[in-house]
There are 6 protein chains.
Amino acid sequence: MSKESLNPLIIAQKQIKNACDLLGLEESVYELLKEPMRVLEISIPVQMDDGTVKVFKGYRSQHNDALGPTKGGIRFHPDVTLDEVKALSMWMTFKCGVVGLPYGGAKGGVVVNPKELSNDELQRLSRGYIRAIVSIIGPNKDIPAPDVNTNMQIMAWMVDEYNKIVGYNSPAVITGKPLIYGGSKGRTAATGYGVALMAREAVKRLQMDFKNCTSAVQGFGNVGSYTALNLHRLGAKIVAVSDVYGGIYNKDGIDVEKLVEHVNKTGTVCNFEGTTSITNEELLTMDVDILALAALENQITSAN
Amino acid sequence: MSKESLNPLIIAQKQIKNACDLLGLEESVYELLKEPMRVLEISIPVQMDDGTVKVFKGYRSQHNDALGPTKGGIRFHPDVTLDEVKALSMWMTFKCGVVGLPYGGAKGGVVVNPKELSNDELQRLSRGYIRAIVSIIGPNKDIPAPDVNTNMQIMAWMVDEYNKIVGYNSPAVITGKPLIYGGSKGRTAATGYGVALMAREAVKRLQMDFKNCTSAVQGFGNVGSYTALNLHRLGAKIVAVSDVYGGIYNKDGIDVEKLVEHVNKTGTVCNFEGTTSITNEELLTMDVDILALAALENQITSAN
Amino acid sequence: MSKESLNPLIIAQKQIKNACDLLGLEESVYELLKEPMRVLEISIPVQMDDGTVKVFKGYRSQHNDALGPTKGGIRFHPDVTLDEVKALSMWMTFKCGVVGLPYGGAKGGVVVNPKELSNDELQRLSRGYIRAIVSIIGPNKDIPAPDVNTNMQIMAWMVDEYNKIVGYNSPAVITGKPLIYGGSKGRTAATGYGVALMAREAVKRLQMDFKNCTSAVQGFGNVGSYTALNLHRLGAKIVAVSDVYGGIYNKDGIDVEKLVEHVNKTGTVCNFEGTTSITNEELLTMDVDILALAALENQITSAN
Amino acid sequence: MSKESLNPLIIAQKQIKNACDLLGLEESVYELLKEPMRVLEISIPVQMDDGTVKVFKGYRSQHNDALGPTKGGIRFHPDVTLDEVKALSMWMTFKCGVVGLPYGGAKGGVVVNPKELSNDELQRLSRGYIRAIVSIIGPNKDIPAPDVNTNMQIMAWMVDEYNKIVGYNSPAVITGKPLIYGGSKGRTAATGYGVALMAREAVKRLQMDFKNCTSAVQGFGNVGSYTALNLHRLGAKIVAVSDVYGGIYNKDGIDVEKLVEHVNKTGTVCNFEGTTSITNEELLTMDVDILALAALENQITSAN
Amino acid sequence: MSKESLNPLIIAQKQIKNACDLLGLEESVYELLKEPMRVLEISIPVQMDDGTVKVFKGYRSQHNDALGPTKGGIRFHPDVTLDEVKALSMWMTFKCGVVGLPYGGAKGGVVVNPKELSNDELQRLSRGYIRAIVSIIGPNKDIPAPDVNTNMQIMAWMVDEYNKIVGYNSPAVITGKPLIYGGSKGRTAATGYGVALMAREAVKRLQMDFKNCTSAVQGFGNVGSYTALNLHRLGAKIVAVSDVYGGIYNKDGIDVEKLVEHVNKTGTVCNFEGTTSITNEELLTMDVDILALAALENQITSAN
Amino acid sequence: MSKESLNPLIIAQKQIKNACDLLGLEESVYELLKEPMRVLEISIPVQMDDGTVKVFKGYRSQHNDALGPTKGGIRFHPDVTLDEVKALSMWMTFKCGVVGLPYGGAKGGVVVNPKELSNDELQRLSRGYIRAIVSIIGPNKDIPAPDVNTNMQIMAWMVDEYNKIVGYNSPAVITGKPLIYGGSKGRTAATGYGVALMAREAVKRLQMDFKNCTSAVQGFGNVGSYTALNLHRLGAKIVAVSDVYGGIYNKDGIDVEKLVEHVNKTGTVCNFEGTTSITNEELLTMDVDILALAALENQITSAN
């Protein structure tokens, strides 16, 4: 498979083209959907703790707002690109559409490794990002949320910055805030819980027995851990889990409740009692009934 | 010379880097200036005369507004790219700065060959472009103007669209309007007149005699024709002129007043009485004292 | 009855005067209610398909907003007048008031025969109307809706135009949109269903037996057809129906379900199997228990 | 001459039609100009000194803003009609246009006899009028001014009301304010001075000798008195003057400087020493070289 | 107890300090909470019925909006001070917080004895107050309500003034409006009802028998009367009640239903049949199980 | 003289009362002018360099905007009080009025000793102050400027913060900016130059000879140094100068040009060659023709 084909924008466009063709839609529908209606690219100057100024590149892509305000997370990652942000915003339109939500798709990103920033620097970057996009977001326009490497604290800074600029408390501008600050209960666990439920339903449709299924989960961040935990609680057997440090395997199933405690203590799934080490590559090519991908996109290619 | 080095953004960044280094400025100044503070990328759906809808990609780049609202033209051209628009907006900052105007730099562009559009389609595209960028322009924010392939009529449509959206007559939002609609006298001739004056001053500094200088002018659109005309009127000898159809040459000088009449009649400089045909390439490598480039950027490379 | 007395504004003013007198209200209440608080009269230039420009006159009348934003339809009809639009807006205030809705009354109209316009011209007129009244409408100010000769498609164009001007998706600005675009379920059938229910309740109060009542319905558009259908479904006997092309009669009752199919096929109630032809005038003076008027106002005069 | 033909709107439309025909303009230009782009009709409730509430009808007509914000006076008069206000706004467009001012035409009016109101009631009416039209006026939109029966004090109340609503001091919203409040020097005398200058120039073009011309001035309000005074100062002989109470005549010329003092003392031109009484009708049909009309419109008809 | 210690601001600050210390919060939390984030002090010119102008001083204090728009009443009283308004706004933050409402605290006041104003003057003052604070209130910012000496009628004037300025009907800006104008059912009785319920719960926690409790209520305005009425209805024995004119006592209990009728007729609790007169001071030091204070603050001091 | 009488608000009110009485104005004029129309009191949380948060109290007083936007400096000083800020804003109204500027008076202040803050903390405080008052300032509303302890750098931070919030470059919001950032030439020297010119004119009116006058200048900051320098340049003899560290004296006159150099080097006027030391008190009671006070207010009391 060629390098080109992993460009998420091209993948997203192909998916839309296929869907339009299957639905027999006129050409102009594809034309309208193949690119976001609006993408803002910004430079965010941040004063670092040592007094110097660094400038970070950020994006906010709004794909289509025909059915309501756009909605989508903000990603802080050194590999963020314009095309990735565009593609993610396009997928958000379709995610909202298939479940009938009155929202369009959006996505944002900043090219930064947040682990290299102090807490104060991260706050200044988060506030600077909102300042730069403030004119195109709002409860009626576009509603950001957390994504890779952004969390409730960052959302709280962002809402506070938005409030300072508009001059009043507007919690509806961003979701994923801390509970005390107007956040939604259950939000943290929701994505992983949804993945687990969907896996159960998919298995049902394939007329397999969920309780007899073996599962592997790639990634053990917010999404991965709640996916594994809920698959486990729903009765599936988790035989393998991995994170950025490596993977673990137990053919008789891993006790995910205990694994969570282990990760809280050690920071990684590695070396969890009663499991053997595997590589991430081994996990991806393992013979399991359910393979849950909860890391970054483009993990399954012709090379696997 | 490699392909890469003709990317206008990279060229502009190198120029800024050199300037910062020469001025001994701290690193953060270059960091702030090396990218525009804000670039909006938009999709513009346009209903064509045959009832179908085409979607055009457009950009508006605002480099830096520290000294005032940003300012810069809008280009309609099939070769418009994000990097080109960014670079052109950066150069606008410096053009304004060196003459002490309280403006920053901006530039816009639409990927379109306007010659393939009917007048009505062009109007709808122009209005659609303004609708898509309306929230980031305005007399206090960013003031567009004509550029390659956009003219007074297009500016009039754009101002009218802006007025309709904000709800009142706001002529200050765009320059380059028709005179009757609030345009500035002399604007059409201004760029070419400035090029001619600058050439005269440059020649003076080199202690050459302007009246004895030979000149060649590449391009005979708005800028090129007024450059040639004013060089001629100021006393220089124009020996060669070219446009997209070809070039003409007369070692004793071309009567530019008459050439203008010829172009008005025939649409090209070619076949002007008393001149011989040359290629554009010949013009660029000709031995003249003054070579005025009034077409697109990147004409002079190591290949010439 | 004199011509004057059919002026809807004068009729509405007399009704308000009577009501104020009956309620013993002070003079100033009538003074406040006898005219709308605000009427906007506008000229709407529309580019026709042949390139010429026609200018249409439009109105938007807002009678009184003491209890909430004003609300009322937009009528496209060649006979629209300032006084009619005013009167209709006044009646809307009272319609909302008697059922306790937190809305005031409004109404709009354009002097045009929409059947003489192409679909594209109709779209441009609809968008032009919204552009011209945009500053006085909005979810908190005044909320238009369909009326005579305007439908869901026209509402969709109008909402889209409003959204483009305010810069975000604001479906609450207009009701009567297509379902997929945020419209309300059941809206199309609602008016006629309400007329039928009200007829049943009126008959009850008169201590007549609804099942034994004979009905005639003038008009078979949106309101008339659902009125007839629901009277029929609720058990009343429909003996006569008319539309702009003529009327039909069957003393034993018309099967309205089948009549709807007939109209969908032929475009008129005329020539429906098992009925005899009557004139509209005959229908209006027929001896029936329930006479439902679902065409335009002023059908019952001293002349009938 | 029929009654109809005195309708100012029909007169104005005929003038525009004639002008368009003479200029050979396409039909759509006349279509665009024959009606104002926007007319707001409002009801203004005013608490009277005795505690009751009266409701006054007011208008603001904006004819065309293609060349800049619209501009025009506000008239308080019992005979104000929708058609009159429309026509006056149309004439303002052309008055601005012929002298090259970047303004369009507007006009406002309230149906009221201000002489029947106390000062406090007049203030409340003036403020109520501005509240009702505030969304369509402003320095960039439409700039009112005094007209028949409105003066500097009324403009001051109106500006103050506007300022209170927008939240800051915005003197540019209305012209004709008191000097101390940002008014223009010379404004009061300007209209009459202009009439006198124009008369002098007209006489010149007719190759008559201005110093030998006899003049009659109908009206001695703001416009009439300054017209007479300036004609007098420029050397013309004023033989007749009238106001609402009657007229005066002196074949050898009236000393207007002294007449002004007389009017300041007695409130009327009548009984001015050295003159004989005439009727207004006699003045209008008198044999003079210059007849200045400074009362209301439609004084010269086929009946004179 | 020194005079100083009755300053409500100092009392409120001590309470916050104590709470912060008990909770072990860092110093900056107290720093943030010890003063309102924003206090507006305004001068309100009011035209009196005799034509003169008086200027009243008003305040609006907004303590903290971290959890939502601020909320709190407007007090008209000659003893209103900056410090009192600040303290009351701080207490509102905590009142909202302890019951989990998404509101912060605010309070307003005008230094005026409303009993010395006519109804018209009171209306003009109420409207003037809103004009002066309009930029800092709104459904998303700060939502006023009635307090001492302000009622539903005053709230209606204030909402109407707010609506006039923003240009549309916005009932959500102020609570405590008349029911017909969008007010909440039960609001008038709510505070007193809450006091009675809380007394019952407090008694329960102290393991006393509510039905055997004796109560005294200071004040018989809105809060006091509904407190007494509800204590009575819930079964407690009211032995003493007072208002600004004096107090009444009956050791066997007062029939509050009848007392309300008495007050409606006579305007005071004094001379209610079957009771003996007491002073306010006697009421405050009386031996009762429940003492409800429903007058102004600072009634209980070391002096009692 | 009693303490009370040094309260600047009471002093300012007395001055206005005297002026109103002398002018025979009606009582309501004094009522309107005796207090500012609007004062905002704010709490400004600032993150200190050590991570803690301090909260500073700030004020912005706007006295009267009848003649235009209000205007006045921002003072950073530990002794700032509400009454002082009010009084200073009142004096600004009269300063603007006596020279006919279309501005009203305003003043702001923060209770802080800026010398105890780092440069970063000062920047955060300055930005926080603007955030807190942003809704009541602007080129049309109220235009701040430097005052005691605030300078061009602080104004630049404030303008930048304002620009960030409103979303575009708005240099007109604050005066006293650095030249490169849109500041006015000559602003720094203007106040002192004005004092010197006024002294010369005052001396002229007293029919004294300016060249023979002796002068003493209290204070050698921005105002004092330019006052001394310009008195010197205009020909007066400066015999004494003081600053916070002490005073200097030379009966034959001090060379102020050289004194400025001395101060630039040493930071104080003390120990300037050729002068003898004096106390500030001696300077104030010295026998000179011109005594210029360029420190804080209330230097001349009955105690001197």
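Okay, so first a definition: a residue counts as buried when under 20% of its relative accessible area is left, using a 1.4 Å probe and counting protein chains only as cover. Keep that in mind, and remember that what we're looking at is a predicted model.

Let's start with chain A. Of its 304 residues, 51% count as buried. Its secondary structure comes to nine helices and ten strands. The radius of gyration is 20 Å, close to the 19 Å that the globule rule gives for 304 residues, so chain A is as compact as a globular protein of that length. The C-alpha trace spans about 55 × 55 × 40 Å along its principal axes.

Now, how does chain B sit relative to chain A? Rotate by 180°, with 0.0 Å of shift along the axis, and chain B superposes on chain A with an RMSD of 0.1 Å. That's the relation of a two-fold axis. In chain B, the C-alpha nearest that axis belongs to B:Leu40, 2.3 Å away from it.

Next, let's zoom in on helix H5 of chain C, residues 152-166. At 1.5 Å a residue, its 15 residues should span 21 Å, and the end C-alpha atoms are 21 Å apart, which agrees. At the start of H5(C), a side-chain oxygen of C:Asn151 comes to within 3.2 Å of the backbone nitrogen of C:Gln153. After the helix comes C:Gly167, with a positive phi near 90°.

Which residues of H5(C) are buried? Among them are C:Trp157, C:Glu161 and C:Tyr162. And what covers the buried residues of H5(C)? The cover includes helices H4 and H5 of chain B, along with strand S3, helix H4 and strand S5 of chain C.

Terms used: Residues are numbered from 1 along each chain as its sequence is written. Chains are lettered from A and ligands numbered from 1 in the order in which they are written. This is a predicted model: local features need pLDDT of at least 70, side-chain atom pairs count only at pLDDT 80 or more; totals for chains, interfaces and linings use all residues. Side-chain values use heavy atoms; hydrogens and water are left out. Helices (H or I, at least four residues) and strands (E, at least two) are DSSP runs, numbered from the N terminus. The expected span of a helix is 1.5 Å times one less than its number of residues. Buried means under 20% relative accessible area, exposed over 50%, partly exposed in between (1.4 Å probe, protein chains only). Contact means heavy atoms within 4.5 Å. A polar contact is a pair of N or O atoms within 3.5 Å; within protein, one must be able to donate a hydrogen and the other to accept it, and residues adjacent in sequence count only if both atoms are side-chain atoms. Copies are superposed by least squares on the C-alpha atoms of residues with pLDDT of at least 70 in both. The radius of gyration is taken over C-alpha atoms; the globule rule is 2.2 Å times the number of residues to the power 0.38.
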